[in-house]
Amino acid sequence: MGGWGDEVPLHESVTTQTKSQRMLDRAKRSIPGGVNTAKRRVQPPLCIRSGSGGRMETLDGRLLIDYHAAYGAVLLGHAHASVVGAVAEAIERGVLFGLGVTEGEVTLAEKIVQHVPSAEMVLLCGSGSEATLHAIRLARAVTGRPKIVKFQGAYHGFHDYVARNYLSVESRVGRCDPFSAGLLDAAVENTLVCGYNDLAALEDLFSRDAGCIAAVLVEPIAHNAASILPAEGFLAGLRALCDREGSLLIFDEVITGFRHHLGGFQAIAGVTPDLTTMAKALGNGFPVAALGGRLEHMHRFNTSDGGDVWFAGTYNGNVPGVAAALASIEFLEHHDVHGHLVRLGERMRAGLREIAARASVPATVTGYGSVFTMCFMEGPVARYEDLLRNDAELFVTYRRELARRGVFEVPENLGRSHLMYSHTDSDVDLTLEAAEHALRAALDSIARRQPGDILLEGHP
Ligand SMILES: Cc1ncc(COP(=O)(O)O)c(C=O)c1O
């Protein structure tokens with residue numbers, strides 16, 4: 001894996017073009033921007049050849065300890081033997097049939113119903129965005145109301161229903177902040193935005209839009225906003241307000257589900273939503289997602305006789321996705337994955353706090369279980385507005401320095417990092433050693449920078 005000191009170049013040569021750069025240049029001729037998701041362009045340019053366990057190998061032949069974990073989708077580790085073995089075996093008998101149901105789909109639904117408290121019934125789809133879209137449409141049908149509430153800083157997918165007020169810059173907080181051109185105004189306007197952990201503001205929205213709010217959609221831990229934790233009573237307060245107002249409570253457990261507990265964060269918090277969306281860790285990297293919820297609501301989908309809410313998807317319940325999800329759940333049932341991840345996560349957060357303290361840098365290490373983020377700011381981190389104090393330049397520069405030392409955390413402001421089950425104590429030791437050097441190097445490089453040199457790409 002190379003050294004962990006100060007002088008480890010990310011690429012074989014800093015003067016010649018790297019293989020990653022050449023691949024991206026080639027890609028740009030047939031793929032807009034060269035990548036298939038907006039956030040996959042990182043600096044310096046990086047393409048991946050393979051992954052195994054807790055590491056990935058770049059096209060340039062460098063091994064990186066991977067805490068990106070595909071935005072948290074890979075929980076057990078890259079190419080995890082029990083998952084890829086189950087998928088390889090299953091697809092020998094076909095990949096997709098598109099009618100009736102397979103035994104795997106039934107067993108997977110039964111497993112989710114068994115583990116996830118709110119899931120009395122389950123439908124499978126292909127991605128987290130699909131799951132949140134279906135959940136919102138169902139909530140509108142059930143309540144006959146047009147509006148939903150999401151929280152500032154939350155990300156729930158790419159579709160119009162939720163495409164606003166993600167990592168808003170300060171001047172856009174409290175205002176309409178769509179994150180794309182081409183959105184339907186009506187969709188954006190019917191999505192109200194509330195401050196996370198602010199029950200009083202939600203009360204205000206409910207009184208302002210009385211009888212119009214179909215659902216409150218929440219990431220139970222605000223992982224897309226540096227993992228702000230729910231304040232004591234916040235999730236229970238959402239439950240009580242939704243009950244009082246006749247709105248549905250939707251937990252978006254696309255990140256928290258399976259990563260923190262087999263039953264999702266709802267099993268830890270003891271708060272049961274009406275609907276739950278799941279994806280990412282469910283399939284350990286394979287594209288599979290699920291929507292679970294109360295029986296009477298789920299029967300509104302037109303997969304049931306008399307259902308009037310359209311539910312479809314050519315790839316729903318595909319064989320590899322289902323096999324991957326079943327193998328992942330079975331692995332979680334039989335191994336203490338979460339115990340291992342929580343222990344490593346606590347070591348990592350404590351170690352990073354010590355490193356920042358030794359460097360006399362204001363830092364708050366946020367996170368939960370396997371997720372961690374070192375924000376360069378004084379605490380507390382309880383509201384989205386707190387994150388605006390983060391030193392974005394130091395955050396991104398530090399992560400680029402980390403990558404130079406063989407540790408990959410997304411070099412994007414406020415990006416969270418994820419441990420995988422394949423990571424070990426020795427990975428944490430190597431990471432903390434690299435972090436100490438990377439922080440020093442980042443501080444030095446910022447001190448040497450001239451005004452106008454700042455290398456951030458449009459992040460808040
Ligand atoms: C909480 C949450 N919900 C939904 C999504 C959308 O999932 P997908 O990218 O699979 O469409 C994401 C993606 O990062 C997410 O973090």
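A pocket, on a 1 Å grid over the protein atoms alone, is an open set of points where a 1.4 Å probe fits, with protein on both sides within 12 Å along at least five of seven lines, and its lining residues have an atom within 4 Å of a point. The model shown here is predicted, so local features need pLDDT of at least 70 and side-chain atom pairs count only at pLDDT 80 or more, while totals for chains, interfaces and linings use all residues. Residues are numbered from 1 along each chain as its sequence is written, and side-chain values use heavy atoms, with hydrogens and water left out.

**View A. A look into the second largest pocket.** Its lining counts 27 residues, and Gly100, Val101, Glu105, Leu123 and Leu124 sit nearest the centre. The volume comes to about 640 Å³ (the space filled by probe spheres set on the grid points, which are joined across faces, edges and corners). Helix H4 (103-115) and strand E4 (121-125) each give at least two lining residues; helices (H or I, at least four residues) and strands (E, at least two) are DSSP runs, numbered from the N terminus. Sorted by class, the lining holds 15 nonpolar, 11 polar and one charged residues (Ala, Val, Leu, Ile, Met, Phe, Trp, Tyr, Cys and Pro are nonpolar, Asp, Glu, Lys and Arg charged, and the others, Gly among them, polar).

**View B. The open sheet of seven strands.** Read across, the order is E4-E10-E9-E8-E7-E5-E6, and the pairing is mixed (two strands pair if DSSP finds at least two bridges between them). E4 and strand E6 (191-194) are the edges, each pairing on one side only. E4 runs antiparallel to strand E10 (residues 289-293) over five bridges, and Leu123 has Leu291 as its bridge partner there. Helix H8 (residues 234-245) lies across E5, E7 and E8, at about 150° to E8 (axes are lines fitted to C-alpha atoms, for helices over the stretch in contact, and angles run from 0 to 180 degrees between N-to-C directions).

**View C. The open sheet of three strands.** Here the order is E11-E12-E14, with antiparallel pairing. Five bridges link E11 to strand E12 (residues 371-375), and Val365 faces Met374 in E12. Helix H14 (residues 392-404) packs on this sheet and touches E12 and E14 (contact means heavy atoms within 4.5 Å).

**View D. Where domain 1 meets domain 2.** The domain assignment, automatic or from a database, gives domain 1 (20-79 + 336-448) and domain 2 (81-334). Their contact takes 33 residues from domain 1 and 36 residues from domain 2.
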